Amino acid sequence: MPDPPAASLSLERYGLDEGLSQLSVTALQADDQGFLWVATQDGLNRFDGHGFRTYRAEGLSRARRPSLASGSIDSLAFEAQRQRLWLGTNDAGVDVVHLPTWTRRQLGVDDGLSHLRVTQILLDPGEDGAWVGTERGVDRIAADIGSARTLGATAEIVGLAWSPPLSGPVALDARCGLWRVDEHALQGLPSPAPDGRCVGLQAGADDLWLMTVGNGLFRLDPTGHVLQHWPADAFGAGADPSALLRLDNGDVLIGFTDGGVSLLEAGRDTVRALRFDRPPGSAITQLHQSSTGAWWIGTYTSGLYRVRPLASVILHDDVDLGDMRDWASQSIRAIRRDGARMFIGTDSGLGLRDEREAWRFVPALARMSVRTVVPARQGGWWIGTQSGLWRLHEDDRVERIDVLPDPRVDALLPDDDGLWVGTRGGPVRLEDGRIVDDPRLAPLDGDMVTTFHRDPDGTLWIATNARGLWRLTEDALTRVEPAGAGLHASLWALHADADALWVGSFAAGLFRIDRATGASTVITDRDGLGNNVIYRILPDGGGRLWLSTNLGLSVYDPASGTIQTLGRRDGLRSQEYNSGAAFAGRDGRLYFGGTLGLDVIAPAQLPLRSPPARPVLTDMQLLGYDDTQPRRSSDTDIVYATDITLDSEDSVFSIGMTAIDFLAPAAARLRYRVHGLHESWIEPQQARAELSMNHLPAGRYRLEVQAAGRDGRFGASRTLDIHIPPPPWRHPLAYAAYALLAVLLVAGLMARSRRAIRREREHVELLNRTVAQRTAQLEHANQQLQLSNAQLDAATRIDPLTQLANRRALQDWIAQTPASATSTPLYFFMIDIDAFKRINDGHGHQAGDEVLVQFAGRMRALCHERDLLVRWGGEEFMLVARLPGGDAAAALAERMRAAIAGTPVPLSHGAVLTLTCSIGFAPWPLSPAWPALGDWQQSSAIADRCLYAAKAAGRNAWIGVVPGTTADRQQLQTLLAGANPFSLGDAVRVLHSTREPPSFER
C-alpha cells in the first residue's frame, strides 16, 4: 500500500448489512488462502472481500455446519504449517480449528489453562505450539494441543510479541508489566510506566513498541530500556489510545477510543493524525495489515473498515468542492481550469472560483445545464448550455450569443478564426459572433454533435450521437466507415495520437482507427473495460488512456494492452460519469465529473501493474436425484481440497469460487474451465461465480480456476480433481464378476457334456440326431420367445387404443435423443382436446375412443419420422419435435390446431362432431447458450403452463414460451422456478394465437 498523503484517506465500511455477524470487532487474522478472519463478540467471520461466512458456537444454530466452542472471540492466530486457526475465546479457553477438516481441539482450565478468557496468542516460529495470554498470565501450549502449562501469573495480558534479538516472546500486561517469556517462567523487564495502564505491544527487528494510556508511546530496546518516548500530548488532546500496530515498513499506527488513528512514520519524530472521509464512529479495537499491504481497522461498535489503497491516486479535496451538498446540483457536466481560475458546470448552473477563494455562482446561468467551457480568443470564456451559447467575460459579465438555430449546445472547439459549436441540430461555425454559412456541413443538418477534435494538419473530426464519425477537410465532409471492426453509430469521445484516432462509443466500447491502414479495432468489457459506454478519453503522462464510463473509470495502456478499472469501492465519488465532463490539467492531474460530483486523479500514482487476485474454491453443494425427485443435498467446504470423489448418484452439483484481492475487490474477476468439457475459458466477468454440473458421465475431471486483479492479468491456477465413479453395476469389478460367472457357466456346461459323452458313447449317433432335433426345437422356441418378448415390450411402450407411444417410450426416446445432440433444440408440445368430457357424456365412451383414435391419426399425419407423438393420458397428448426456433414451433402449433378445428370428426353411428384443441409448447434446452440449464421435465412443465393459459384464454388456441433477445441465465432460472413469463421482460418471448396476451395463473 502506498504511503498515505496528507489528504484524507477513504474508508470502506462493513457492517451488519454486509453480513458481518456483529459490529464489535475483537481480532483480525489472515490465512494462507487469502481470507481475512474477523472475530467479534458474536461469531467468527471469514471474509473474501465480497461477503462474510459466519461461524458460531454449538447450540446457536440448528444447521449442520462447522461450529465453535464459543462465539465470543478475543484473539486469533493462524498456523500456516498445519493450517490451523487458533481462537482465544472470551469464555471457553483456547479453540484450535484444523481448517481443511474443521476438526477442533479445545483447552480450558481443566487442561491447565490459567483462565478461560484468552486475550493474546503468539505462535511459536519453531512450529512447536503457541504462547497464550489470559486474564491471569501467560501459558504455554505444545503443538499437540494436549494441555496447557502456566508460566507466570500477571494482570491481563494485552500484548505478546516475538523479539528476534531475544529469540523468544515478550509479554505486556494491562498494568504495564513487561516480561520476557522463557521456557519455564516469566522474567521481569524494566517498565517505562510501572503501575500505569497499557494497551498494546509490538516488536521490530531490534526494538519494542509499547503504548500506554496517559504516558504516551515508548520505543524500547530488547532489554526494556527506553530508546525514544512520545508523550501523550504528542498525539493531541482528547481520547485515550486503544490499539497499536507496527507496519511492515516500520511505520507505527495508533488507534484511539474516539475512532481516530495517528501515524508515526519511520525515522520521523512527529506524529500526525490521519484524516478519513468517513471516520469510524467508535473506539478502534484492532489495526491489521494484510500480506498485500491493505490496512484494516476494527472498531468497538461500528464494524470493520478497509482503508482504500488509492488515496494517493484519487484526490477528493484537491479543489475544495467537498460533498457539494450546498450546490443546486451535484451532477457535473463541464470542467475547466485556466491558471488560478476553475470552472465547474452542473445541471443547475456554473460555479467558478479563483485560487484560495470561495466558490461562487454565475446568476445569469442559474438552473441551466452547462455542458462545456472553453477559452475565447478575444479573452474570457465561451459557455455552452442546453439553453444556448454564452460569453463570460473576465469581469464576470455574461453575454448571450443568440444566433444558433438550435440552442442546445454539447460541444465547443475554438480555433484561430472562430468557434465550432456542436448542437443537437448539427454543427455550426461562428466568426465574430455570426454564423458562417458552410455548405459542406449540410449532411449533418439535424444531427446531434457530441464532440470535436482538430488534427495538426487541419482535419476536423466530428462525432455524432446517431450517425457515427465524420471528417471535414477543405474539400468536403465525409463519413468515416473503417474496415475491420467498423464503427458504432453513437460516439461521444475523441482522442488522437501519432498512430491512431481513439473513439469512445455509447454501449460499444473503445475503437482504435489506425492512421496507416484506416482499419479499426475495438476494446470492450470482454477485454476488461468496466463498461462499454465511453464518455471521455484523457491521456496521462505515461501514455495510458483514462476513460470515463457508466461504471467507473477504466485505464487502458496501449503499450501493454492492460486495462485497470476504478470504481466506488476504490474511493471514487461517482460510479456513473457524464458526457463531456473531463479535463486534463497542466500539472498532470485529471478531472472527471459524474452524477455525484468531481473526482480528481493523480494518474502517475497508479502503478502500471497490480498483483493478481487469488482464486479460491469455497464450497460444493450436492443435490442427488432418484428418477425425478430430489434425494438429498449437502454443502461441503472445499477451500483446501485438491481432489474429490463423488458417489455415483451425485448427479447434480455446484462449486462456488471467489477471487480475493483486498487491494481492488471490485475489480477482481474469475475465469474457469473443466478439462474435457470446456474448450476455452469461461469468464463470468465477476469476482464470485458458481459452476453447476448436471449428470456428468463417470470419469475424472479437472476444474481449473484463475483470478485477475485490477490490471486484468490472470495469475496461478487453482485446480480441483473430480472423480465420478460409475454405478455399481458398471464398476470394473462388476464386469470382472460377469466374466467369471460366464467362464464358470461355460466350464460347467463343458464338464457336463463330457460326462454325458462318456456315458452315452455307444449311442453317439442317436445322441447326435437327438441333439440336432433338440437344437432345432430350441432355436424355434428361442425365436418364439424373442417374438413374444418383442411383442410384450412393444405392448408396454404403445398405447393400445391410439397405437401411439406412451410415457415409458418417451423416457427411452429422450435418453437416446439428448437435446444437445445438435444445435437445434427439442420442442415439447402439450395438446389437449377441448371439452372432451361432453363427448363421453353426450355420446358415450365408445364415441370418445373413436375421437381419440381419429385425433391421434390427424396428429400423426403432421409429424416427421424423427418426431415422437405420445399419448400423455386421457385426452392429453405430447409431441416432441426438433425445430430450428420459436417461429417454426408456432407454425407447427397452428397447423395442429387448424387440422383439428378445420375438419369435423365422423362417428360410426353417424354423428359428426366438431373438435378443437389447445396447445402449449416450450423448448429444451431452454436456451442454446446454457444447454445444462433445466431438464426436459422442466421444459414440459412450462409447456403445460402454456396449455392451461391457452385453455384460460378461450381454448382452440396455442401459446408458447421461448427465450428472448436479452435472455440471461438468472432470468431463465427464474422462469424454470415458476415465474410469470411476462414479468421477465425481453428475456422471454411469449408466442400466442390469441387476440389478447394470455394470462399465466400457474
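A second case is Arg391, which lies over the face of Trp382 at 5.3 Å from the ring centre.

A word on the basis of these values. This is a predicted model, in which local features need pLDDT of at least 70 and side-chain atom pairs count only at pLDDT 80 or more, while totals for chains, interfaces and linings use all residues. Residues are numbered from 1 along each chain as its sequence is written, and side-chain values use heavy atoms, with hydrogens and water left out.

I turn to the aromatic pairs. Rings of Phe, Tyr and Trp (its six-membered ring) pair if their centres lie within 6.5 Å; planes under 30 degrees apart count as stacked, over 60 as edge-to-face and the rest as tilted. By this rule there are 30 aromatic pairs. In one of them, the centres of Trp420 and Phe452 are 6.3 Å apart and the planes stand at 45°, so this pair is tilted. It links distant parts of the chain, with Trp420 in strand 38 (residues 419–423) and Phe452 in strand 41 (residues 449–454), 32 residues apart. Strands (E, at least two residues) and helices (H or I, at least four) are DSSP runs, numbered from the N terminus. Trp420 is buried at a relative accessible area of 4%, and Phe452 is buried at 8%. Buried means under 20% relative accessible area, exposed over 50%, and partly exposed in between (1.4 Å probe, protein chains only).

Phe828 and Trp936, by contrast, form a stacked pair, 6.0 Å centre to centre with 15° between the planes. Phe828 belongs to strand 64 (residues 826–833) and Trp936 to helix 7 (residues 936–952), 108 residues apart. Both Phe828 and Trp936 are buried. There is also an aromatic cluster formed by Tyr14, Phe47, Phe52, Trp296 and Phe662.

Next, the cysteines. How many disulfides does a search of the whole structure find? It finds one, a disulfide being a pair of cysteine sulfur atoms within 2.5 Å. The bond joins Cys176 to Cys198, with an S to S distance of 2.1 Å. The link of Cys176 and Cys198 is right-handed, with 110° about the S-S bond. Cys176 lies in the loop between strand 15 (168–173) and strand 16 (178–181), and Cys198 in strand 18 (residues 198–203), so the pair ties together parts that are 22 residues apart in sequence. Cys176 is buried at 1% relative accessibility, as is Cys198 at 4%.

Cys917 is in no disulfide and is buried, at 0% relative accessibility.

Finally, two individual residues. Asp74 lies in strand 6 (residues 73–79) and is buried at 14% relative accessibility. Its side chain makes polar contacts with the side chains of Asn90 (3.1 Å) and Arg117 (2.8 Å). A polar contact is a pair of N or O atoms within 3.5 Å; within protein, one must be able to donate a hydrogen and the other to accept it, and residues adjacent in sequence count only if both atoms are side-chain atoms. Leu227, in strand 21 (residues 226–230), is partly exposed at 43% relative accessibility.

Technical notes: A charge sits over a ring if NZ of Lys or CZ of Arg is within 6 Å of the ring centre and within 35 degrees of the ring normal.
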